[in-house]
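Here is a brief report for a reader meeting this structure for the first time. Please look it over, then read on.

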Amino acid sequence: MAAEHRKKIVVVGLGMVGISFIEKLLKLDARLREYDIVVVGEEAHLAYNRVGLTSFFEHRKVENLYLNPREWYESILDGALSYHLNTKVTEIHPGNKTISCANGQEVGYDILVLATGSDALLPRHTPGHNANGVFVYRNVEDLINLISFSANQKGTVGAVVGGGLLGLEAAKAMMDLECFSKVAVIERNRWVLSRQLDSDAGGMVVEQVRDLGVDVLLGKRVGKIDVTEDNNIKGVHFEDGEYMSCSTICFAIGVRPRDELARKAGIKCADRGGGVIVDDSLKTSEPDIYAIGECASWQGQTFGLIAPGVEMADVLSFNLTQAKLHQPRLYKRPDLSTKLKLLGVEVASFGDFFADRDGPKYPPARAKRAQKEQERPDVTKPLLTNGVQPVPVKALTYKDPFTNVYKKYIFTKDGKYLLGGMMIGDTRDYVKLVPLVKNQKELDMPPSELILGSKKEGGDEGDDLDDDTQICSCHNVTKHDVVAVVKDGTCKSLGEVKSCTKAGTGCGGCMPLVTSIFNKTMKDMGNEVKNNLCPHFNYSRADLYNIIMVKRLKTLPEVMKVAGADPSSLGCEVCKPTLGSIFSSLWNKHVMEKTTHGLQDTNDKFLGNIQRNGTYSVVPRVSAGEITPDKLVVIGQVAKQYNLYTKITGGQRIDMFGAKKQDLLDIWKTLVDAGMESGHAYAKSLRTVKSCVGTTWCRYGIGDSVGMAVRLEERYKSIRSPHKIKGGVSGCVRECAEAQNKDFGLIASEKGFNIFVGGNGGAKPRHSEILAKDVPPTEVIPIIDRYLMFYIRTADKLQRTARWLENLPGGIQYLREVILEDKLGINASLEAQMQELVDSFFDEWAEAINTPSIAAKFRQFANTEETVDNMEVEQDRDQTRPVMWAKDPANKEDFAGLRSRWTSTTWQPVLEASYFAGADDLPNGTSATIKRGDTQLALWRIRGRYFASQQMCPHKRAFVLSDGLVGEDTPTPTTTAPESSPAASAPWISCPHHKRNFDLTNGACKNDADFSIATFEAEERADDGLVYVKLPPVEELDAALGTSRWMVKKGEAGPGQFAELDKKIAFKGTRAKKPGVRPLAGAAAMRRPVELLAAGGGCGSVPDW
């Protein structure tokens, strides 16, 4: 935003809360630049750490306490921050929005933030309170004065009045001065830290403090300070009549909010306790004036801890910058948990730590309801007492006087919820326990485990298993079976282990354990566990990605030459799609361009998911599931015109099935003209970002989930990745968008969004893990940019984010370090790369329609405009769909043997040779589908050679082979035939449906011996410019390979899979009542169910809703 349009925020007070607000505002406003900040500080120093004041006695350098060095302030450019030190604000003028300073300067503001803090209390009613030697412990100047005075008090007694947190800090400071013969702490209560600890814990601290040489006087109140004629301290008189000599007194008895500026300006302040009154958004009674930190009075309370003030800074900075994008935050009851080290003693209190004394202040909602039910009086039983009811909590206490460890955890009466507690000596569990209290989460363990720890159970890693442990139940494979074949050298890869032992070839659920055992055995043998992409490369996908990026390689031949095992190889069905994906995620060229089309797997080949009958699905993008009625109408018209089966997907969009290849251009032209674009349902890229309606409509929403989901989907659409990516955004914790089982998911919180990553559904579902909490809306995109780009760079082939995160060394913690803390120093690179991809977006279908060379590929046959159906269809629930697969494949037919069984063959022209122009330079050559009579043939030109075969894959009788990927085996020392030999580098075609690989020379299936295909000789003739194929007579060809013979027909699948179920439940279709049919008269009778219920023994277990 231009400087003249920015608002000016003036902050009064450069303390810890003030600088926290400034830092947060600068960060949240960095992208939009809506504000310039001016901060006015009364002290001569930059913002420093008051909590660490005691360390000043060691180094005596205020710069060591600075929260940010002076260079940080100077580095903030463009007028975003200016500061004034040693400047006292004397007056606020809300009417004309200015403040006056003691130096005569006036500063205007658009928004004023009061962060004036508080003053240390002095007991002005106590005689002698103004004597020489009386100090408070509040700021650097107080410490400098104390140090200077104490230097002349050698051998005297120093006293601290107040045994709270600040008092013990002051005692430590006075001991460190090494000027006093003794330091005494004077506390009016029976133990120290009485606001954080009970008597047992406080008493234990007293013992430890005394062991350190500090004299602790309990139950003492100062009545009078005894002074000399020169007003120097001689000692103190206590109210109980006792006397103690001393030369120095430091009062640490509390603070009072600094609200004098606000009072003078007519801003409402609290009468009792003081403080500027603020509402839940931290506004004062005057417009555009806010108060945060110790000077603010919220719901009648002020807070002397730093954490509540920082939370206020968080809320206010968020609302000033993010409220346009998210529901404004409200300040809520702060967490007053504290963890400190005082005089060498570790002390912590958390949650409702006095719930056993005062009763629970904020019990969990469920526990509260359960308690009310228990407290409901039973009139049938007489009351045994009429005294005070016991507190409805239970405390678990651990006390070890030998190691000075004390723990008390307070639970609800049923032990299901932790309410709070305190710890002395051992506070390691503090960080784990505070969230349990804060989130009011029901415990999944007995309360005792939080103190004593859980019982250790045996691990489930592979090396803990006995050799005879069954690891694959499908094929009864034991751990020993896997280990043995690896150790004897039979198997050197996971694929070989699967082939040899059959482990993992059933349901596949054992593969993670099989992989673990294999890797462990290989490492134990001293062998390197390789993760090569395929036999054509001695590199993993991640290695290849970096090679291609650094060397800027853009074609298959270039990559083969630089990194391939055989520089001239064609590759295979594994490496080609992987390279195609890498090229797309780096250079983002159209996948149907000449140099990349031959790398595309089944679905990318024609920008649609290929279906059972060789047709395609059409899925327009519906970002976040939000669509206009006009677009819905167009989708309906297209589906009706082309008789497409229509279904709502799980990703909140509409899928149209059954589109023929030759109709795809016209279908998509209609959709594109209506403002729609490719949904990339066919690609290994972002599919959808699912959303609930959030604050757009829902009364429970706290975040604009639709708006955020739209922005995410629009940003990442079309970007290719190792596997498909799905996202989700929920507007509140009710999680209607199921964001926690997505590759990335957001759940709105009051502070922004919680970001979850690494989840997925599918064959092996995985719950996502939290990457970052309470992320402001403006910071969501950079984090997800880095995460997705890091995944794209480092994942294995076809590896979902879930498996990638599981295999990432260090897991989610390492990912946080990389993405949030920039551990590798690559975040700027990740963001820049993502931005380049986003900026290079184009709609693949719009480009295909408008590019003649691409559009020409959308036809069924290359030699005729005729079209044929490849499978019969049937009606199901008022829609047309292909019939079910045939019960038996065509594996009993020896198609390869047809070559020797034809009665005769002749060379027959099938297509102009010009169709294959440039084929020799392409990664997959060029293919064509030929119609000859009733038979469909596939024809290829690959590196100057022609190959021909039947179009039908016998596995499922699908007419699809011409659209498959061409591959070849890597050469071995024994396969060195001349290139002109038919056996030289015989390529194979991989069926796009289920990856059966057929040799184009002899028709054998290389990975399933049950199947084969018919192959034919083919050649180009220069005299007429045509390609000829050696074929039998048409009648004989059709009898063996004709479409009408082999297309799957209705009834071949046998009885419907729901035949028995339909008979059992008398299913007749959808149950909607037809017009004119009257409903049942009266309510359902419920006679028979009740009769059976009585016989069966009641309702059973009823869940606790």
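In β30, F657 is the bridge partner of Y645. The model is predicted. Strand β29 and strand β30 (residues 654–659) run antiparallel, joined by 4 bridges. They belong to an open sheet of 3 strands, in the order β28-β30-β29, with antiparallel pairing. The edge strands are β28 (616–618) and β29 (645–648), and each pairs on one side only. Direction ignored, neighbouring strands of this sheet are turned by 25° against each other on average.

Two helices meet these strands. Helix α20 (residues 629–641) packs on the sheet and touches β29 and β30. The direction of α20 makes about 20° with that of β30. Helix α21 (residues 664–673) lies across β28 and β30. Its course is at about 5° to β28.

## Nonpolar cores

How many residues does the largest nonpolar core have? It has 102. Those with the most contacts inside it are F21, I22, I92, I99, L114, V205 and I292. Helix α5 (residues 165–177) gives the most to this core, with 7 residues.

Take I292 as an example. Leaving aside residues up to four places away in sequence, I292 touches V17, F21, V113, L114, A115, L282, M312, A313 and L316. There is also a second, separate core of 67 residues. Among its members are L586, L599, L815 and I819.

## Salt bridges

Side chains of opposite charge can pair when their charged atoms come close. Across the whole structure, a search finds 63 salt bridges. One of them joins the side chains of K661 and D963, at 3.2 Å from N to O. This pair links distant parts of the chain, 302 residues apart. K661 sits in the loop between β30 and α21. D963 sits in the loop between β43 (958–959) and β44 (965–967). Both K661 and D963 are buried.

R943 and E968 also meet through their side chains, at 3.7 Å from N to O. R943 lies in the loop between β40 (935–942) and β41 (945–950), and E968 in the loop between β44 and β45 (988–990), so the pair ties together parts that are 25 residues apart in sequence. Is R943 buried or partly exposed? R943 counts as partly exposed because its relative accessibility is 41%, and the range for that class lies between 20% and 50%. E968 is buried, with a relative accessible area of 3%.

A further salt bridge joins R258 and E260, at 3.2 Å from N to O. R258 has a relative accessible area of 19%, so it is buried. E260 is partly exposed, at 41% relative accessibility. Elsewhere, a network of salt bridges links R6, D29, R33, D36 and D78.

## Aromatic pairs

The count of aromatic pairs comes to 20. F350 and Y409 form one that is edge-to-face, with 5.9 Å centre to centre and 65° between the planes. F350 lies in strand β22 (residues 345–351) and Y409 in strand β24 (residues 405–412), so the pair ties together parts that are 59 residues apart in sequence. Both F350 and Y409 are buried.

Y915 and F916 form another edge-to-face pair, at 5.1 Å centre to centre and 75° between the planes. Y915 is partly exposed, with a relative accessible area of 36%, whereas F916 is buried at 3%. Ring pairs also link F606, Y616, W668, W845 and F858 into a cluster.

Definitions and conventions
Residues are numbered from 1 along each chain as its sequence is written. This is a predicted model: local features need pLDDT of at least 70, side-chain atom pairs count only at pLDDT 80 or more; totals for chains, interfaces and linings use all residues. Side-chain values use heavy atoms; hydrogens and water are left out. Two strands pair if DSSP finds at least two bridges between them. Axes are lines fitted to C-alpha atoms, for helices over the stretch in contact, and angles run from 0 to 180 degrees between N-to-C directions. Contact means heavy atoms within 4.5 Å. A nonpolar core is a set of buried Ala, Val, Leu, Ile, Met, Phe, Trp, Tyr and Cys residues joined through side-chain atoms within 4.5 Å. Buried means under 20% relative accessible area, exposed over 50%, partly exposed in between (1.4 Å probe, protein chains only). A salt bridge is a side-chain nitrogen of Lys or Arg within 4 Å of a carboxyl oxygen of Asp or Glu. Rings of Phe, Tyr and Trp (its six-membered ring) pair if their centres lie within 6.5 Å; planes under 30 degrees apart count as stacked, over 60 as edge-to-face and the rest as tilted.
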